[in-house]
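Okay, thanks for coming, everyone. Let me put the chain up on the screen and then walk you through some spots in it.

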Amino acid sequence: MTAPQTTPPPGRPSAFFPHRHLLGIEALSADEIGRLLDLADQYANMPKDDERARRLLRNRTVMNLFFEDSTRTRTSFEVAALRLGADVINMSVGTSSIKKGETLLDTAMTLNAMKPDVLVVRHGDSGAVSLLSQKVDGSVINAGDGRHEHPTQALLDALTIRRRLGRLNGLLVAICGDVLHSRVARSNILLLSKMGARIRVIAPTTLLPGNVERFGVEVFTDMRKGLKDVDIVMMLRLQIERMQGAYVPSIREYFHFFGLDYEKLAAAKPNALIMHPGPMNRGVEIDSEVADDINRSVIREQVEMGVAVRMACLDALTRPLTGEKGAAQ
Ligand code: ASP
């Protein structure tokens, strides 16, 4: 008896995107990042009910496996997968009663038996998503692991900047606030520097990783000095849930010195863009009026670009299954 004809299994890297998984920006070249951004740009310009896109992942299964809370990332992966015609399964997993390591690997093996083509995974521990990727047959996308990486956030931030300013190369970008606990900061530093931007980090010393200069960034502990002449002001959430002990004297004092208000923003270029990955703590790291500034805040566009970027990532990783075609080219 001959084996039935099947599509090639997931896990074979494609010529378009020669990686089986998307675990971080660190493993990507500038060319690969550029290709993903070009593809995402095309998805961003497509009508949301594009017929070719809707057929791309028909009969494919995307599983969202979130061990940590998420609003934007989980829903935008879901919308992206649905727009590409995939079947989507959402799982939110509590980690309270069982040891985390056991939960993760047991869950991975259970889900693998259901043969998902793509697993989108968020976990509170740095490195957990990579560990899981070694135990499954499909492709894995890191939707945020601890303080380590959040690659699709960095890609959507880059796409937002590129669509507004036409380039990444040569821009001066300030990443401000809780850099220590932020996977968004890490992925953005990696991506933006690979694409030729210059990065400044601005934070109190308690919220800076030790030896942060090794990432090739300039370090400031004073917002007014650090924001001088920047093109982009990227604010970070104060990640209270990852803090043990006091990293800032009080929220009031933190806002006074590090919260973005119009007075501090005046140091940046007059048309500098304001970004925040969300969820925002208004009045903690950012003033509400600045966050809602219709001319300079691109926070809503970031959310919109999230769907396009996630469509591009799902398309790129599943090209061995879809015959290298894609829907946006
Ligand atoms: N949503 C982003 C993340 O998951 C940023 C944040 O939570 O502050 O890392």
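**Starting from His150**

So, His150 counts as buried because its relative accessibility is 4%; buried means under 20% relative accessible area, exposed means over 50%, and partly exposed is in between, with a 1.4 Å probe and protein chains only. Before I go on: this is a predicted model, so local features need pLDDT of at least 70 and side-chain atom pairs count only at pLDDT 80 or more, while totals for chains, interfaces and linings use all residues. Residues are numbered from 1 along each chain as its sequence is written, and side-chain values use heavy atoms, with hydrogens and water left out.

Where does His150 sit? You'll find His150 in the loop between S4 and H6. Those labels are DSSP runs, counted from the N terminus: helices are H or I with at least four residues, strands are E with at least two. Leaving aside neighbours within four places in sequence, His150 is in contact with residues including Thr73, Arg122, Arg183 and Arg310, where contact means heavy atoms within 4.5 Å.

His150 is also on a list from a record. An unreviewed UniProt entry puts the feature "binding site" at Arg72, Thr73, Arg122, His150, Gln153, Gly278 and Pro279. The positions are in the numbering used here, feature names are shortened, and such annotations may be inferred rather than shown by experiment. The lining of the largest pocket includes Arg72, Thr73, Arg122, His150, Gln153, Gly278 and Pro279. For the pocket, picture a 1 Å grid over the protein atoms alone: a pocket is an open set of points with protein on both sides within 12 Å along at least five of seven lines, a cavity is a set where a 1.4 Å probe fits but cannot get out, and lining residues have an atom within 4 Å of a point.

Now Pro279. The peptide bond from Gly278 to Pro279 is cis, with omega near -5°. Pro279 lies in the loop between S9 and helix H11 (288-291), and at 42% relative accessibility it counts as partly exposed. Not counting residues up to four places away in sequence, Pro279 touches Arg72, Arg237 and Glu285.

On to the sheets. One is open, with 4 strands in the order S2-S1-S3-S4 and parallel pairing; two strands pair if DSSP finds at least two bridges between them. Its edge strands are S2 (87-92) and S4 (139-145), each pairing on one side only. Strand S3 (residues 118-123) is joined to S4 by 5 bridges, and Val120 has Ile141 as its bridge partner in S4.

The other open sheet has 5 strands, in the order S7-S6-S5-S8-S9, again with parallel pairing. Strand S7 (218-220) and strand S9 (273-275) each have a single partner strand, so one side of each is left without a neighbour in the sheet. Strand S5 (residues 172-176) and strand S8 (residues 232-235) are joined by 4 bridges, and Cys176 stands opposite Met235 in S8.

Last, the helices. How far apart are the axes of H6 and H12? Their axes are 8 Å apart, and the two pack at an angle of about 115°; axes are lines fitted to C-alpha atoms, for helices over the stretch in contact, and angles run from 0 to 180 degrees between N-to-C directions. Among the residues that meet there are Gln153 and Leu156 in H6 and Met305 and Arg310 in H12.
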